[in-house]
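Biologist: I would like to learn how to read the spaces and ligand sites of a model that is new to me. Could we go through them one by one?

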Amino acid sequence: MTDKVTTATVPTVCRLCIAHCGVLATVENDAGRRKVTRVTGDPDNPVFAGYTCPKGRALPELHNHAGRLLHSLRRGEDGSHSAVGSESAIAEIAQRIQAIVAEHGPRAVACYVGTPNAGQPTAAATGNAFLRAIGSRMFFTSNTIDQPGKQISMALHGKWLGGEPDFERADAWLLVGSNPIISKSAGIPGQNPAQKLKEANARGLQLIVIDPRVSDVARKAAVHLQCLPGEDHAILAGLINIIVSEDLYDHEFVSDNVTGFRELAAAVSDFTPAYVAQRAGIDEADLLRAARIFAGARVRHANSGTGPSFSMYCNLKEYLLHCLNTVCGAYARAGERVTRPNAMLPAYTPRAQAFPPFKAWGFGEKLRVRGLTDTAAGMPTAALADEILLPGEGQVKALICIGGNPMAAWPDQRKTQRAMEALDLLVTLDVEMSSTARLADYVIACKQTLETPGMSQSGEAIKYFGSGIGFSCAYAQYSPAVADVPHGSDLVEEWDFFYQLAGHLDLDLVFATAFGFSRYQEAPYVVMPLSRTEKPTMEDFYEAICENSRIPLDQVKRYPHGHVFDAEVFVEPREEGNDDRLDCGNADMLAQLAEVRLQDFRALQDTPDYPYRYIPRRHNNFMNSSGRSIAKLNGGKPWNPVWIHPDDMRAIGVSDGDMVDIATHHDSIAAMVEADTTLRPGVVAIAHAFGGLVGEEDDYLQVGANTGRLVRTDEDYDPVTGMPRMGNIPVAITPR
Ligand SMILES: Nc1nc2c(c(=O)[nH]1)N[C@H]1C(S)=C(S)[C@@H](COP(=O)(O)OP(=O)(O)OC[C@H]3O[C@@H](n4cnc5c(=O)[nH]c(N)nc54)[C@H](O)[C@@H]3O)O[C@H]1N2
Ligand SMILES: Nc1nc2c(c(=O)[nH]1)N[C@H]1C(S)=C(S)[C@@H](COP(=O)(O)OP(=O)(O)OC[C@H]3O[C@@H](n4cnc5c(=O)[nH]c(N)nc54)[C@H](O)[C@@H]3O)O[C@H]1N2
Ligand code: SF4
Ligand SMILES: [Mo]
C-alpha cells in the first residue's frame with residue numbers, strides 16, 4: 001500500500017444535458033478512491049472535438065461541493081431532517097407505501113420524473129416498473145410542463161419515416177423560440193452548436209429565427225422576426241399561407257404523401273401577410289422574405305423550442321410547424337443520407353413514407369380535474385398538485401420524485417407547496433437539498449453521474465420526443481464510472497431504490513423501456529424482468545438496454561473517446577402498396593386555428609393594467625434548478641435577474657440593480673433589474689427554476705425568485721395536456 005496520490009485524465013460522457021458531450025475528466029486517485037478534479041473538452045472526441053460548456057466544466061464542483069447530499073435524510077416530527085441509513089429509509093418507505101395502498105388503493109401512489117433522467121436511462125424506467133407492479137398508472141414527467149405539443153402534434157399529423165434533412169447540407173433553417181447555442185435543444189446539432197452554425201452560415205445557410213428577443217441564434221439570422229410573444233401560430237399560419245398562395249409548396253410531395261392539404265390551405269387563407277404582420281408586431285416584408293427563403297431552399301427544415309410551447313396553443317403551433325415542413329416536403333427523401341441513423345439504438349429501416357396519425361389523448365388513466373387524461377406526451381403534470389389536493393377516491397397520497405424539483409419547476413408554486421405539504425408521504429431522490437427535498441419525508445441521496453457508467457444512448461433517443469435533436473451521425477460513446485463516491489457516504493442508484501422497495505413489498509419488477517412516450521418509435525421495447533435473488537448492476541441494465549443496439553455495446557466500448565461508426569444509412573423508397581399519409585387537415589387543430597383567427601387580438605395584447613409580457617429563457621450556466629449554488633457557475637450571483645429593455649427601464653423609472661415587483665393579477669415576485677437590449681421592448685425575461693419556498697421571499701439574494709408563482713394551472717391551460725400559460729404572461733412592473 002502506498003499513500004501516493006496519482007492523477008489520470010480519462011474520457012467520459014457529460015450527462016448534464018441532452019448534448020452528452022464527450023469530455024475529459026482529470027481524476028485524482030487517493031488510496032484507491034477516485035475524485036474528479038477537472039473536466040475539459042476532449043479534443044480526441046470525433047464529434048465534440050474539445051467542446052464543453054461551463055456546466056460540464058463545473059462537474060467537479062457539482063460532485064464535490066459542500067452542499068452535496070452524502071446520506072439519505074428522514075424528516076422528524078419537528079420538521080427537521082436527520083441522516084438515516086438508506087436501507088432503513090427504504091424499508092420505512094416500503095411500509096408506508098404498503099399502508100397507503102392498503103387504505104387508498106394503488107392510484108394514491110404517484111411518481112414524478114424530472115429532467116436529469118434524460119441522461120440516466122435506468123431511473124425513470126425502474127420507477128415506472130415499480131408503479132406497474134403496485135398497479136398505479138400515476139407516472140408523471142416534466143415533459144408535460146415542457147414541450148408536450150411536440151408529441152401531441154406528431155400524433156395528429158403523423159411522422160415522416162425518412163427523418164429530417166441534414167442540417168450540415170441545408171441552405172435554410174427556421175427556429176421558432178429555440179436557442180440551441182445555449183440550450184443544445186432543437187434545431188442546430190447540439191455538439192458545439194455555435195460552431196456548427198458558424199460553419200453553416202459560412203456555407204451560405206440562411207437562418208430564420210422567430211423570437212421576441214435577439215437570442216444567440218437570432219444574432220446570426222438572415223431574417224429575425226422579433227415578434228410579440230405568443231403569436232407563433234399566426235406567424236406559422238401566415239408562412240404556410242404565403243407558400244401556398246405563391247405556389248411555392250412541393251406539389252409532388254403533397255400529392256404523394258399528404259391528406260388534408262386543401263383544408264389546411266383554406267384554414268390559413270385568412271392569415272394574410274398584412275394581418276399576421278399586424279397581429280405579431282413584425283414587418284410584412286420580413287415575413288414574406290422568410291417564407292420565400294424557406295420555400296425556395298433546396299434543403300431546409302423548421303424546428304421549435306420552449307418559447308412557443310409556453311405561450312399557449314402549444315399543440316396547434318407544433319402542428320402548424322409540422323404542416324409547414326410537410327407542404328415544403330422538408331424531409332430526407334428516398335436515397336438521401338439518414339440524419340439519425342442510430343448507433344446505440346436498434347437498427348431500423350428509414351423509409352420515404354408516412355407513419356400515419358395515432359391517438360393523442362383520451363386513453364389510459366383519467367385525471368379527476370379539468371377532464372384530462374393520459375396523452376401521447378404522458379400524464380398532465382400541471383394537474384398533479386390538484387390530484388394531491390382534491391379529496392375523494394383516487395386522491396394521491398404519496399409522491400416519489402426521481403431527480404425532479406416540483407417546488408422549483410412546477411407551475412403555481414403556492415399550490416405546489418400546499419400539495420407537497422398535504423401528502424402523507426413525499427420522497428425525493430436527489431443529489432442536493434433541493435427546495436422539494438426540504439419538504440420531503442425522506443430524501444434519498446443518489447450518486448452523481450460520473451460515479452456511474454454513462455453512455456450516449458439517451459442523446460440519441462431524445463429524437464423520439466421531437467425533431468431537430470439528437471446526434472446527426474452514428475456516434476456512440478460509453479464510459480465506465482470514472483469517480484468513486486465520497487468517503488463515508490451512503491448513496492443509492494435510483495433504480496436500486498425501487499429495486500429494494502419492491503423487495504420489501506414482495507413485488508417482481510419488469511424493467512421495460514420504450515424510447516419515447518408516443519406510439520411512434522422505430523425501436524422495440526427492451527424488457528428485462530429483474531431477478532429478486534441476483535441483484536443486477538447498472539452495467540447489467542446497460543447491456544439489456546443495448547441488447548438490440550445497431551452497434552453492439554462491446555464494440556462501442558472499444559472507443560473510449562467516442563466514435564462515429566461508418567456505414568451510412570440511406571432512406572429506402574416507400575414500401576410497395578403503402579399509402580399512409582401525413583395529415584395536414586386535423587379537424588381539432590384547424591378548429592383551434594379558426595378560433596384564433598376570430599380572436600380580438602388587440603384586446604388580448606392590450607392589457608393596460610399589466611402592460612409588460614413575461615417570457616422565460618434559459619441561463620447558460622444552470623441546468624434548470626441545478627448548479628445555482630455553485631460559485632463557479634453563479635459568479636457570485638445566485639439569483640435570477642429580471643431582464644428589461646433600457647427603454648422600459650426608463651419608463652418604469654428603474655436602473656440596473658434596482659429591485660422591482662413583477663405582478664400578475666393573482667400573485668407577484670420581486671427581482672433585481674438587469675438591462676437587456678436584446679429584448680423586444682415591452683417584453684421582460686426571467687430564468688425559471690429559482691427561488692426558495694413560499695415565505696422565503698426575503699432570501700432573493702441567496703436563491704432568486706420563483707417564476708412558477710406567476711403561473712396559474714386552472715386559468716389558461718391546454719385542454720389536452722393541461723399545460724398552463726407559462727410564457728407571454730401579462731405583468732405589471734413597479735419599483736420596490
Ligand atoms: N415558470 C417556468 N416553469 C418551468 C419552465 C420554465 O421555463 N418556466 N421550464 C419547464 C421545463 S422545460 C422543465 S424540463 C421543467 C424542469 O423540471 P424538473 O426536472 O422538475 O426541474 P429540475 O430543476 O431540472 O430538477 C432536477 C432535480 O434533480 C436533481 N438532480 C440533479 N442531478 C441528479 C442526479 O444525477 N440524480 C438525481 N436523483 N437527482 C439529480 C437536482 O438537484 C434537482 O433538484 O421545468 C418546467 N417549469
Ligand atoms: N444552459 C441550459 N441549457 C438547457 C437548460 C437550462 O436550464 N440551461 N434546460 C434544458 C431544458 S429542460 C429544455 S426544455 C431546453 C429548452 O431549450 P430552448 O427552448 O432552446 O430554451 P431557451 O434557451 O429558453 O429558448 C427559448 C427561446 O424562446 C424565446 N421565446 C419566449 N417566448 C416566446 C414566444 O412566445 N414565441 C417565440 N417564438 N419565442 C419565444 C425566448 O426568448 C428564448 O430565446 O433547454 C435545455 N438546455
Ligand atoms: S453542453 Fe450539456 S453535455 Fe455538454 S458539457 Fe455542457 S452540460 Fe455537459
Ligand atoms: Mo425542459
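Modeller: Let us begin with a term: a pocket is an open set of grid points with protein on both sides within 12 Å along at least five of seven lines, and its lining residues have an atom within 4 Å of a point. Please keep in mind that this is a predicted model.

Biologist: Which elements each supply at least two residues of the lining of the second largest pocket?

Modeller: They are α23 (601–605) and β32 (729–735), and the largest share, three residues, comes from α23. The pocket has a volume of about 680 Å³ and is lined by 34 residues, of which Arg 613, Asp 716, Arg 725, Asn 728 and Pro 730 lie nearest its centre. By class, this lining divides into 14 nonpolar, eleven polar and nine charged residues.

Biologist: How should I read a cavity, and how many of 30 Å³ or more are found in the whole structure?

Modeller: A cavity is a set of points where a probe fits but cannot get out, and the search finds nine of that size. About 220 Å³ of space lies in the largest cavity, whose lining of 20 residues has Lys 159, His 301, His 322, Asn 325 and Ser 467 nearest the centre. At least two lining residues come from each of α5 (149–157), β8 (159–160), β13 (300–304) and α14 (314–327), and by class the lining has five nonpolar, eleven polar and four charged residues.

Biologist: Turning to the ligands, which residues come nearest to ligand 2?

Modeller: Of the 32 residues around ligand 2, these are Ser 183, Asp 211, Asp 232, Thr 306 and Phe 622. For polar contacts, one looks at pairs of N or O atoms within 3.5 Å. An oxygen atom of ligand 2 is 2.6 Å from a polar backbone atom of Thr 306, while nitrogen atoms of the ligand lie 2.9 Å from a polar backbone atom of His 619 and 3.1 Å from a polar side-chain atom of Lys 55. The protein covers 96% of the 920 Å² of accessible area that ligand 2 has on its own.

Definitions and conventions:
Residues are numbered from 1 along each chain as its sequence is written. Chains are lettered from A and ligands numbered from 1 in the order in which they are written. This is a predicted model: local features need pLDDT of at least 70, side-chain atom pairs count only at pLDDT 80 or more; totals for chains, interfaces and linings use all residues. Side-chain values use heavy atoms; hydrogens and water are left out. A residue is near a molecule or strand if one of its heavy atoms lies within 4 Å of it. A polar contact is a pair of N or O atoms within 3.5 Å; within protein, one must be able to donate a hydrogen and the other to accept it, and residues adjacent in sequence count only if both atoms are side-chain atoms. Accessible areas come from the Shrake-Rupley method with a 1.4 Å probe; for residues, only the protein chains shown count as cover. On a 1 Å grid over the protein atoms alone, a cavity is a set of points where a 1.4 Å probe fits but cannot get out, and a pocket is an open set with protein on both sides within 12 Å along at least five of seven lines; lining residues have an atom within 4 Å of a point. Grid points are joined across faces, edges and corners, and a volume is the space filled by probe spheres set on the points. Helices (H or I, at least four residues) and strands (E, at least two) are DSSP runs, numbered from the N terminus. Ala, Val, Leu, Ile, Met, Phe, Trp, Tyr, Cys and Pro count as nonpolar, Asp, Glu, Lys and Arg as charged, and the others, Gly among them, as polar.
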